[in-house]
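Me: I would like to learn how to read a structure one feature at a time. Could we go through one together?

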Amino acid sequence: MKQRALTGLKSLYLAIFFLIMVFPLYWIVITSLKPRKEIFSLPIRYWPEKFTFENYANIFKVSKFHVYIGNSLLISVIAALIVICIATLSGYVMARFQFRGHKQIMMAFFLTQMLPGFISLAPLYLLMADMNLINNRFSLVLAYTVMLIPFSTIMLRGFFQRIPSSLEEAAMIDGCSRLTALIRVIIPVMLPGIASTFIFAFVQNWNELFMAVMFIDDENLKTLPVAMNSFVMKFDVDWGSMSAGTVLSVIPTVVLFAFAQRYIVEGLTQGAEKG
């Protein structure tokens, strides 16, 4: 009897938790499909009387939304790929070698995660201005890469530590160099961890707003978060267009997670353990 009651309470708790998590997503989707009058109607309508796609059409009429999506995809993918290339090598070095300053470097990587990102905006802006990179997509690629390398290195170091060093040692005995052993033997085993780190980096780049606002003024170079921010006006918020833009902005990350789900689960499981 007690076991049934406990199971029932757990099920109730999970159901409530599920509703709390899903309702904001449901509300955004429903709002994006409502006519403007119904968005502000009282009492609140939890199901629209008439579905419309005018909000989706509007975001393409009033802004270059397709350009923003393309810019975000280009910047996010390139920055994430560069981060993976650098963090894979640095994570391998930090996992396999002990050298003077090893602990201090790791401590510095951890400390960078404790500092709020906005405090670096002013010096970064001055640096980009000196390099003539304002209104240049490369400024965001460079900033995002530098911002994400420390944590990505920490993540990949944990994955490397779980893989026995005997694997590359055996490959080196067979005639491979250390770099060849890393590329041909270790990286294939590391794919779940690399996929998890890539997705982490991509999502961080995709959602970043403050640097994109600071470094980019050109309408043809703006990213998706900047476009979403433009729907917040001085005396009004275009909730319909913002909701429609939010739904469209979530699609790339959902597709990415769907294709890489197996690698993500494996990567999180491996990264939680230390060999």
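This is a predicted model: local features need pLDDT of at least 70, side-chain atom pairs count only at pLDDT 80 or more; totals for chains, interfaces and linings use all residues.

Me: What share of the residues counts as buried?

Reply: A residue is called buried when its relative accessible area is under 20%. Of the 275 residues in the protein chain, 39% count as buried.

Me: How many helices and how many strands does the protein chain have?

Reply: There are 14 helices and zero strands. Read from the N terminus, the order of elements is therefore α-α-α-α-α-α-α-α-α-α-α-α-α-α.

Me: What are the spans of the C-alpha trace along its principal axes?

Reply: They come to about 75 × 70 × 30 Å.

Me: How do I read contacts along the sequence?

Reply: A contact means heavy atoms within 4.5 Å. Take the contacts between residues at least 6 apart in sequence: 73% of them join residues at least 24 apart.

Me: How far apart are the mean positions of the positive and negative charges?

Reply: The protein chain has 22 positive and 15 negative charges, and their mean positions are 8 Å apart.

Me: What is the volume of the largest pocket, and which residues are closest to its centre?

Reply: Its volume is about 650 Å³. The lining has 23 residues, and Thr 112, Gly 117, Ser 120, Met 147 and Met 211 are the closest to the centre.

Me: Which helix gives the most to that lining?

Reply: H7 does, with seven residues. Helices H6 (121–130), H10 (191–207) and H11 (210–215) are also among the elements that give two or more residues.

Terms used. Residues are numbered from 1 along each chain as its sequence is written. Side-chain values use heavy atoms; hydrogens and water are left out. Helices (H or I, at least four residues) and strands (E, at least two) are DSSP runs, numbered from the N terminus. Buried means under 20% relative accessible area, exposed over 50%, partly exposed in between (1.4 Å probe, protein chains only). Lys and Arg count as positive and Asp and Glu as negative; His and the chain ends are not counted. The place of a charge is taken as NZ of Lys, CZ of Arg, CG of Asp or CD of Glu. On a 1 Å grid over the protein atoms alone, a cavity is a set of points where a 1.4 Å probe fits but cannot get out, and a pocket is an open set with protein on both sides within 12 Å along at least five of seven lines; lining residues have an atom within 4 Å of a point. Grid points are joined across faces, edges and corners, and a volume is the space filled by probe spheres set on the points.
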